[in-house]
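Hello,

Please find the structure below, followed by notes on what turned up in it. Could you read them with the model open beside you?

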Amino acid sequence: MPESNDEVGIDTDSTADGDVGVDVDVVVVGAGFAGLYLLHRLRGLGLSAQGFETGDDVGGTWYWNRYPGARCDIQSVDYSYSFDPELEKEWEWSEKYATQPEILRYVDHVATRHDLRRDIRFSTSIDAARWDEDNHRWLLTTSEGDTVRSRFYVMATGCLSQPKQIDIDGAENFGGEVYSTSRWPHDGVDLTGKRVAVIGTGSSGVQSIPIMADQCDAMTVYQRTPNFAIPARNGPTPQWKLDEYEGREAEYRNDAKWSRAGVPREPATEFALLATEEERQTRYERVWHEGELVGAGSSFADLMVNEDANQTFVDFLHGKIRSIVTDPETAAKLCPTDHPVGSKRICLETDYYATFNKSHVDLVDLRANPIVEITETGVTTSDGPTEFDVIVYATGFDAMTGAIVAVDIEGRDGQSLADKWADGPLTYLGLTVAGFPNFFTITGPGSPSVLSNMMVSIEQHVDWISDCIVDLRDRGATSIEAAPQAESAWVQYVNDAANITLFPQANSWYMGANVPGKPRVFLPFVGGVGAYRQTCNEVRELDYLGFIRRDRTGGVSHAVGVIRPLQPDVTAVLAAMAELELPPLETLGHEGARAFMEATAEQRPPGPEVGEVVDGTFPGPAGDLNYRLYRPADRDSNKKGPHPLVVYYHGGGWVLGNHMSDDPFCRDLCVRSGAAVLSVDYRHAPEAPFPAAVDDAVAALSWAADNAAALGADPDRIAVAGWSAGANLAAVVCQAARDSGGPQIAGQLLVTPVTNHDPASPSLAENAEGYVLTRSLMEWFWDQYAEPDDRTDPRASPLRGELEDLPPAYVVTSQFDPLRDEGRAYADALQSAGNKVAHRSARGHIHTSLHAVNVVISGAPIRADMAEAVRGFFA
């Protein structure tokens, strides 16, 4: 064993805990792909390390999972190390999807090539770990009873390594042979001539059932939940894959690191709901015949965020299942109907569906016919008993957290990790845990992990951890841990990312739903490998933002802050815009800015379908102006019109936009609220400066009230709404209507409103740059719209007006909006003046994100609240 590295503060004195058998810089638990690469990296950095592995050799999950048909579901070329170019040259995979024996041979080859076994104690587990605060060390107890001391403690135990406990009554009573796919005998199993029960139809079941069915005399498959599967079409690595890879290995590997799933692939930009039926079928057929998970998940951009889009793929796969399985009743059982496709890991199958056409194979739907108990002779369901010689449990794993909390880990002040995670795992970046210094998890909860090519994620985590340890050494720090604020913010960000997708709709092991009593929270980070890598890189570049470091003298360094305060989809939109390197809008002039905004509007996805759209004109003070009317669909015969009417004023800084520029948002509001929405145009600056827009807005309201019946609306139920500068106009017309004695307004919806020209507003400084609406752009809008002396006029700054006796208001502000504080101030002032007011603060949002329908999905719950408020206006 190498000497401990003095630079990280290790000494070899014994402690009060007794004699220490091993004292190293780093303890690594697990000898799979993650543990092996970490040992290699640490050795190259001159750090002493000791690995521990429960099995008697390397391989991790591929050491244990030897069930028939076990193979990876990421192409072999991708499911391999990238850190050693020579290794890539000397190893050639025999198949597109390598089998377990070949993967294990690969792992063995790597361990031998780099002489990694000499740093691993096999057949030994870490049973307990305790943080020694006085010495900034971990004290670890092995299964052999000895104590190990280390500065850093890394769990490289894998995401699918802790088998799920069998929770079926009487399981211990069965007198025949019992096997689990997660712990298959190393010398194999002979099923010839036997009656076999298989319980579970996850990935291991899908892979093993066809092979076991060919061996046994009779098989009954007990299925609780069917899974979606596409043909693996295994064989030699496809030529197209070799063409992508060979001769450009370094570039290919780099592309993988910055891809979404850890496999180079152009992300989909087309939407299933915008494609024709023929286009959808063509693309889905390509997925079916290509046989690759990454292709299945990225065929259309809206598959995992839109239920209607997802259903088009569900329908396609149901059709394929029915075309293969000859018995309609069995085919129906195999068609998943309780979760969106992709919200559980799609399986790759070889003859799985066709297996159920065999006369000796039966399928039992456990939802209709649940297992009552396991008896000495077989399985008893609600329909009665069936005798078997063999029971195979393909029931999966306690994924991502099981192997970690299986160890008794105590952090600072004796805090138990199992207790801390009792309601769900809390991590920062999926790498570290607040209160547990110098403790790291590789591909842990809160990282892309199982939603990615694990090899790419493993290497990224190992490299980050190794760099972190070296950085600490170079700075004389002895410990590092996540700050509670950073951990809490990251957990929120991971949840936010999941909640804008369809993933949480499934009772999957991604959610921990397969383990009774396990908290139902989404475990991995869905934001993608590349985005996650960028986040981790930024944390390090920002002097370990969100981390607390301590040194030998008791000194503390805390890089205070949150790495991703914005909603994940807002972050993605801003990143995409940054890549385009667009010029500031105000530098284009008003004509150029208008042309740019019109071109951008043509590229956005549409809003939902409404009952009817009618375009027309209304008389303004200086001539006719355009409107667009959105009528709800009268799906309920008891709720036919006339509908309540919302007069809507578009945004654009009084300079940009028209009656159609907020079309998706108006459609969304119409559908959600059940009200007709009348989007009205008004004259724009600089051609028609203040107060032209105000005069037009007032005229629009009066005209709408006078003509409500002709519009199919109820003249006694009229509200106003607007976004940005349009919200400014909505607020102003409420004051004008009060002062002129009508029309009567039921309520005002003000979304990120302009309410006061105040250059000293704190949010104008805090959010001055980087959030689309910038301080300079807002100043430009004001310069186009109103002379300096006019900006304090209540018709330009309604916060400065008389605020008593105004309609009920629902005011929405965004956290990262230059206008945030003036919107808050207006809500507070309205309430102080005795008005009924609700203020909704949109965490993680920017000025332009809330109305971005079908682009910023995280805005949907807030838009739902807006619609609820509008319905409340008319109650």
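In these notes, contact means heavy atoms within 4.5 Å. Helices (H or I, at least four residues) and strands (E, at least two) are DSSP runs, numbered from the N terminus. The model is predicted, so local features need pLDDT of at least 70 and side-chain atom pairs count only at pLDDT 80 or more, while totals for chains, interfaces and linings use all residues. Residues are numbered from 1 along each chain as its sequence is written, and side-chain values use heavy atoms, with hydrogens and water left out.

Loop residues

N306 sits in the loop between helix 9 (293-297) and helix 10 (307-324). Leaving out residues up to four places away in sequence, N306 touches L273, L502 and N854. The N306 side chain also reaches the backbone nitrogen of D308, at 2.9 Å. That is a polar contact, meaning a pair of N or O atoms within 3.5 Å; within protein, one must be able to donate a hydrogen and the other to accept it, and residues adjacent in sequence count only if both atoms are side-chain atoms.

R412 belongs to the loop between strand 17 (408-410) and helix 14 (417-420). R412 counts as buried because its relative accessibility is 16%. Here buried means under 20% relative accessible area, exposed over 50%, and partly exposed in between (1.4 Å probe, protein chains only). The side chains of R412 and E481 are joined by a polar contact of 2.4 Å. Apart from neighbours within four places in sequence, the contacts of R412 are W131, E133, G435, P437, E481 and R550.

Q75 lies in the loop between helix 2 (61-64) and helix 3 (85-90). With a relative accessible area of 1%, Q75 is buried. Residues up to four places away in sequence aside, Q75 touches K96, Y97, T237, P238, W240, K241 and E292. Q75 and G444 are 369 residues apart along the chain, and their C-alpha atoms are separated by 23 Å.

Two helices

Helix 20 (residues 663-673) is mostly covered, with nine of its 11 residues buried. Those buried residues are D663, P664, F665, C666, R667, D668, L669, C670 and S673. Their cover includes strand 22 (612-620), strand 23 (623-631), strand 24 (643-649), strand 25 (676-680), strand 27 (748-751) and helix 26 (860-873). Just after helix 20, G674 has a positive phi of about 75°.

Helix 18 has 13 residues and spans 19 Å from its first C-alpha to its last, close to the 18 Å expected at 1.5 Å a residue. The expected span is 1.5 Å times one less than the number of residues. P568, D569, V570, T571 and L574 are buried in helix 18, and the buried residues of this helix pack against helix 16 (484-499) and strand 29 (837-846). Just after helix 18, E581 takes a positive phi of about 50°.

A surface patch

M577, L580, L582, L588, F596, M597 and V772 form a nonpolar patch on the surface, with about 540 Å² of accessible area together. Helix 18 (568-580) and helix 19 (589-603) are the elements that give two or more residues to the patch. Patches are made of residues with over 30% relative accessible area and no salt bridge; like charges are joined within 9 Å, and nonpolar side chains (Val, Leu, Ile, Met, Phe, Trp, Tyr) within 5 Å. A salt bridge is a side-chain nitrogen of Lys or Arg within 4 Å of a carboxyl oxygen of Asp or Glu. Areas come from the Shrake-Rupley method with a 1.4 Å probe, and for residues only the protein chains shown count as cover. M597 is located in helix 19 and is partly exposed, with a relative accessible area of 35%.

Backbone geometry

Most residues other than glycine have a negative phi, and most peptide bonds are trans. The peptide bond from A685 to P686 is cis, with omega near 5°, and P686 is in the loop between strand 25 and helix 21 (692-706). Another cis bond joins G742 and P743, with omega about 0°; P743 is in the loop between helix 22 (725-740) and strand 27.

S123 has a positive phi near 55°. S123 is in the loop between strand 3 (120-121) and strand 4 (126-132), and its relative accessibility of 46% makes it partly exposed. H136 also has a positive phi, of about 50°. The loop between strand 4 and strand 5 (137-142) holds H136, which is buried at a relative accessible area of 10%.

Regards
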